[in-house]
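This briefing goes through selected side-chain pairs, a helix, the nonpolar cores and some backbone features. Please read it alongside the sequence and the structure.

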Amino acid sequence: SRTDDLLSIQQHSAAKTQSSSMGLDFRSGSYRRYVRLGKRTVKDGECACVWYMDGTCKQIIGPALVRLFYANIRFLDRFAATSTQYLKISFVDGHCEHVAGPISMYLNPVIHTSITIEDFHQLKSSNESIVVYSRVHEAAPTRMPAASAKTMIGHTERDVDEATDSLSSALVRRVISGPHSFMPSTYDEVHVFRWHAAKEEFRILQKRQEFRGIAVPIKTKNNEEATIRLDVNIRIEDVEMLVDATANLPLTVSKGLAADLVPVGSSLSYTNIRSTVSGLVASPSSSFPILGTKLAAAGCALESLIFLGFEASEDLLAKYRAAEAAALKKARDDDEERRGREVAQARQRAELEKVKQDEQISDMKVAAARKRVEKEHELTELKSDFKARIERKEELARRDLEGGRVAGAVNLLRELKELDVDITSFLSAAAAGKGEGGEEKGLAAELGGFVREGVLSKVEFVTGGGK
């Protein structure tokens with residue numbers, strides 16, 4: 001028809017356009033052409049399927065030159081798996097195969113429905129596990145309907161007879177823990193965990209779970225709403241019990257926390273929520289019994305709880321802020337009062353220290369005055385002793401002098417005696433201060449001086465006895 005001719009012309013034009021880049025790019029499944037008369041080069045690394053006029057199909061792997069006459073050609077997509085990957089191949093007859101890499105394969109639409117590249121399940125530590133369900137087939141002699149059996153294409157009559165005997169299968173569950181690199185077989189299905197706390201579904205289960213910021217709504221004793229936020233750390237001890245007990249572990253944890261905290265919250269006020277909950281999380285095993293029971297039933301154990309804080313309504317927050325402001329003001333007042341007491345005590349200590357210093361200075365002055373008086377007294381005594389010694393020495397000198405003069409007077413009188421001088425008259429005249437002729441001359445003057453000075457009184461005592 002004219003339409004087919006136009007389509008053929010367009011395809012031929014597109015083929016010319018792409019032929020210029022044929023040597024540069026590998027063609028994939030998007031390349032499909034109907035060729036009336038022509039040829040195609042299948043490069044090394046490419047693969048194509050050609051459908052001929054009689055409906056038969058031939059798969060051609062390059063390098064090859066294919067001549068076409070009223071034929072359809074379609075290049076195939078290539079899939080390659082590395083050593084840590086496998087190809088999941090679904091066939092048009094319904095069965096599936098898993099082929100471990102490294103391997104590459106072309107998707108042939110005649111025999112393949114789809115080919116996907118899947119990664120091995122890499123369990124890198126003993127903390128990681130997967131749950132695998134394996135089908136175990138048991139024969140069940142039930143016949144397939146004849147109409148369905150006749151629609152099976154590409155199989156012999158014997159294959160049809162064998163396929164009419166369907167198989168019933170039982171699921172066997174097993175837990176695989178790391179370290180391990182696991183590739184499931186076609187009869188294996190890996191359990192998918194779907195937790196509302198997880199951002200996406202996952203297959204590898206961490207045995208130590210950390211649930212961040214779990215919100216637990218409560219009502220205080222004043223019927224005020226508040227939300228407590230906690231971090232929960234859990235250890236999974238039995239994975240099979242976990243799978244049997246719950247499909248959403250974070251939800252189980254949240255319900256357990258609510259069951260333990262809601263009764264406690266009814267006895268709390270906005271001022272003691274923080275202190276009370278902080279005290280509860282310090283001993284989680286005894287403070288959260290319902291949560292512990294739910295976790296034990298799910299094969300888990302509670303390791304620790306961390307109190308992050310609480311959120312409240314605007315009224316409750318206003319009261320809380322007012323209480324905090326009052327507490328802060330009281331703390332500031334107490335601090336100022338304490339500082340005032342410390343300043344007063346410091347001032348008193350300084351005054352006491354000054355008094356002590358003044359007393360010490362006074363004591364030092366008194367001691368210095370006492371020492372000065374003692375030294376003055378000692379000096380006075382020394383002066384008195386010195387004066388007394390001087391006077392004694394003067395007295396002794398005077399006495400010595402008087403003794404010498406007395407001795408001289410005695411010797412003079414003795415000499416006068418020897419000269420037969422009248423001693424009495426002489427002494428009387430000396431006492432009167434005159435000698436012979438009325439004047440004191442010579443010896444008379446000397447004796448008169450002795451008499452006036454009292455020296456001759458002793459001489460009289462000496463001579464008074466007639467000696």
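Arginine 229 is partly exposed, with a relative accessible area of 29%, and its side chain meets that of glutamate 311 in a salt bridge, 3.0 Å from N to O. The pair links distant parts of the chain, since arginine 229 belongs to strand 17 (residues 225-236) and glutamate 311 to strand 18 (residues 300-312), 82 residues apart. Glutamate 311 is also partly exposed, at 42% relative accessible area. The model is predicted, and the values below are computed from it.

**Salt bridges**

- The whole structure holds 19 salt bridges.
- One of them pairs the side chains of arginine 173 and aspartate 244, with an N to O distance of 2.9 Å.
- Arginine 173 counts as partly exposed, at 24% relative accessibility, whereas aspartate 244 is exposed, with a relative accessible area of 56%.
- Arginine 194 and glutamate 201 form a salt bridge in which the closest N and O atoms are 2.9 Å apart. Here arginine 194 is exposed, with a relative accessible area of 55%, and glutamate 201 is partly exposed, with 42%.
- A network of salt bridges links Arg208, Arg235, Glu237 and Glu303.
- As background, side chains of opposite charge can pair when their charged atoms come close.

- Threonine 246 is located in the loop between helix 4 (239-245) and helix 5 (249-265).
- Is threonine 246 buried or exposed? Its relative accessible area is 16%, so threonine 246 falls under the 20% limit and is buried.
- The side chains of threonine 246 and threonine 252 are joined by a polar contact of 3.0 Å.
- When neighbours within four places in sequence are left aside, threonine 246 is in contact with Thr252 and Ala298.
- Thr252 is itself among the buried residues of helix 5.

**Helix 5**

- Helix 5 is made of 17 residues and spans 24 Å from its first C-alpha to its last, close to the 24 Å expected at 1.5 Å a residue.
- Where does helix 5 bend? The bend, of about 25°, is at alanine 259, and proline 263 follows within four residues.
- The buried residues of helix 5 are Leu249, Pro250, Thr252, Val253, Gly256, Leu257, Asp260, Leu261 and Gly265.

**Nonpolar cores**

- The largest nonpolar core contains 38 residues, and Leu249, Val253 and Leu257 have the most contacts inside it.
- At least two residues of this core come from each of strand 11 (128-139), strand 16 (208-219), strand 17, helix 4, helix 5, helix 6 (273-281), helix 8 (289-297) and strand 18.
- Strand 17 gives the most to this core, contributing 6 residues.
- Leucine 249 touches Trp195, Phe211, Ile236, Leu242, Leu295 and Cys300, with residues up to four places away in sequence not counted.
- Another core lies apart from the largest one; this core has 11 residues, including Val50, Ile60, Ala71 and Ile73.

**Backbone features**

- Glycine 62 and proline 63 are joined by a cis peptide bond, with omega about 10°. Proline 63 lies in the loop between strand 3 (57-61) and strand 4 (64-75).
- The peptide bond from glycine 101 to proline 102 is also cis, with omega near 5°. Proline 102 is placed in the loop between strand 7 (96-100) and strand 8 (103-106).
- Tyrosine 70 is found in strand 4 and is partly exposed, with a relative accessible area of 33%.

Definitions and conventions
Residues numbered from 1 in each chain as written. Predicted model: local features only at pLDDT ≥ 70, side-chain atom pairs only at ≥ 80, totals over all residues. Heavy atoms only, no water. Buried < 20%, exposed > 50% of the residue type's maximum accessible area, 1.4 Å probe, protein only. Polar contact = N/O pair within 3.5 Å; in protein donor to acceptor, adjacent residues only side chain to side chain. Contact = heavy atoms within 4.5 Å. Expected span 1.5 Å × (residues − 1). Bend = angle between axes of the 7 residues up to and from the residue. Salt bridge = Lys/Arg side-chain N within 4 Å of Asp/Glu carboxyl O. Core = buried A, V, L, I, M, F, W, Y, C linked by side-chain atoms within 4.5 Å.
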